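Please look over the sequence and the structure shown below before reading on.

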Amino acid sequence: MQTGSFQWMKSLNKSTILNLVRLKGPISRAEIAKITKLTPPTVTNIVAELLDSELIVESDLGASTGGRKPIMLNINSSRFYVIGIYARANKIDAAIANICGKIIYQLEGNVPESPTKEQFLESLKAMVAKCVELARTDGQPVLGIGVGMHGLVDPQKGESIYATHLNLRQIPIKQFLETEFNIPVLVENDVRALALAESWFGQGRDLANFICVNVSTGVGAGIILDHKLYHGSSFAAGEVGHIPIDVEGPQCRCGNYGCLEAFASGPGMVLRMQKAILLGEKTSVWQKAKGDLSQITGEMIYEAALEGDRPAMEVLADTGRYLGIGLANLINLFNPSKIILHGGIARAGSLVIDPLKEVVMARALTDSVKQVSIVTSNLGKQAAVVGAFTLVLKKLFTPTPD
Ligand SMILES: [Zn+2]
């Protein structure tokens with residue numbers, strides 16, 4: 001299998017067996033036949049093809065059930081890389097992983113201030129080039145590149161429809177990178193990619209219905225319904241940041257007033273902190289910002305709150321309450337079994353989560369809806385790049401009609 005000529009799994013049986021080895025490996029051919037109800041010769045043939053393509057390997061012998069000890073099969077963790085790219089507002093993060101999802105390298109790059117479409121694509125290209133070079137040095141073919149992109153994304157065309165933080169429209173990411181590198185490229189909204197990461201490697205494993213909520217510069221959600229990522233009819237599902245919380249609230253960058261994002265995002269928190277200081281509250285955030293209101297960041301508020309600074313703790317508690325209102329809407333609409341929180345609030349822990357849960361419990365409609373568990377992600381800071389390369393793994397391990 002060569003870079004660029006890689007064929008996604010076109011056969012349902014092949015991808016079923018590959019996925020079974022991923023989930024249950026080490027596993028024997030006999031167990032595969034038993035679980036899939038395929039005939040032993042069919043399993044033997046498909047396994048031979050998968051061994052040939054080096055996606056799986058034979059490993060130690062399994063326990064014998066009387067006769068000869070069976071040969072066990074595993075995913076080949078020492079062949080093939082996948083690349084995950086996360087295009088944030090002004091930075092690009094990247095990770096190179098093996099096909100078991102273990103990160104081998106992590107990289108960081110910058111995007112120029114207010115870039116043109118071309119400059120942005122060049123920044124992406126520079127980052128991918130570094131990754132491809134590292135893979136080449138290790139002698140590993142790259143099976144695919146997944147890109148998690150902020151803003152509105154068309155995953156079918158692999159295009160950024162509207163990159164809010166860059167104020168750019170119609171960026172042909174897939175087409176551009178595939179032409180440059182001759183490697184398959186998949187593009188998805190960054191929060192949708194986070195939800196995928198949770199469903200493969202995090203706290204969403206085996207869950208049919210859960211929602212990932214990311215709170216950073218904006219507030220967005222990735223919704224998994226019946227084990228599938230929900231996109232909506234024009235890929236805009238999950239824009240939870242623009243649920244109205246208080247129509248008389250502050251103006252949101254979307255132009256409306258009182259959206260969840262205007263209260264609960266990093267900039268929303270900063271605004272409330274600035275107000276508190278102007279009203280005479282004494283807070284260590286003021287020292288952290290060296291007496292300059294315009295220098296206050298969300299990070300400073302988290303830091304101060306964790307040190308026990310009252311006004312900062314109050315700002316976080318309010319953030320939790322506002323988020324609680326937004327999440328209660330989601331919970332009443334979708335009835336998920338779990339909500340997984342990402343972003344700075346995940347680090348603030350109980351300071352945000354406790355007031356958030358109180359509001360959700362007060363607003364959730366029925367007792368069964370109240371069973372929802374609300375947790376913070378444990379995938380860490382690399383969650384977004386994990387989500388990006390999971391796009392490639394998902395395509396590799398699941399049958400694709402397209
Ligand atoms: Zn809005």
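Which residue in β7 does Val 82 stand opposite? Val 82 stands opposite Gly 144 in β7.

## Basis of the model

This is a predicted model, in which local features need pLDDT of at least 70 and side-chain atom pairs count only at pLDDT 80 or more, while totals for chains, interfaces and linings use all residues. Residues are numbered from 1 along each chain as its sequence is written, and side-chain values use heavy atoms, with hydrogens and water left out.

## Strand β4 and its partners

Strands here are DSSP runs (E, at least two residues) numbered from the N terminus, and two of them pair if DSSP finds at least two bridges between them. β4 (residues 81-87) pairs with β7 (residues 142-149) in the parallel sense over seven bridges, whereas seven bridges join β4 to β5 (residues 91-98) in an antiparallel run. In the latter pair Tyr 81 stands opposite Asn 98, and the two strands form a hairpin with three residues between them.

Seven of the seven residues of β4 are buried (under 20% relative accessible area, with a 1.4 Å probe and protein chains only). Tyr 81, Ile 83, Ile 85 and Ala 87 lie on one side, and Val 82, Gly 84 and Tyr 86 on the other.

Cys 252 counts as buried because its relative accessibility is 6%, and Cys 259 counts as buried at 2%.

How values were computed:
Buried means under 20% relative accessible area, exposed over 50%, partly exposed in between (1.4 Å probe, protein chains only). Helices (H or I, at least four residues) and strands (E, at least two) are DSSP runs, numbered from the N terminus.
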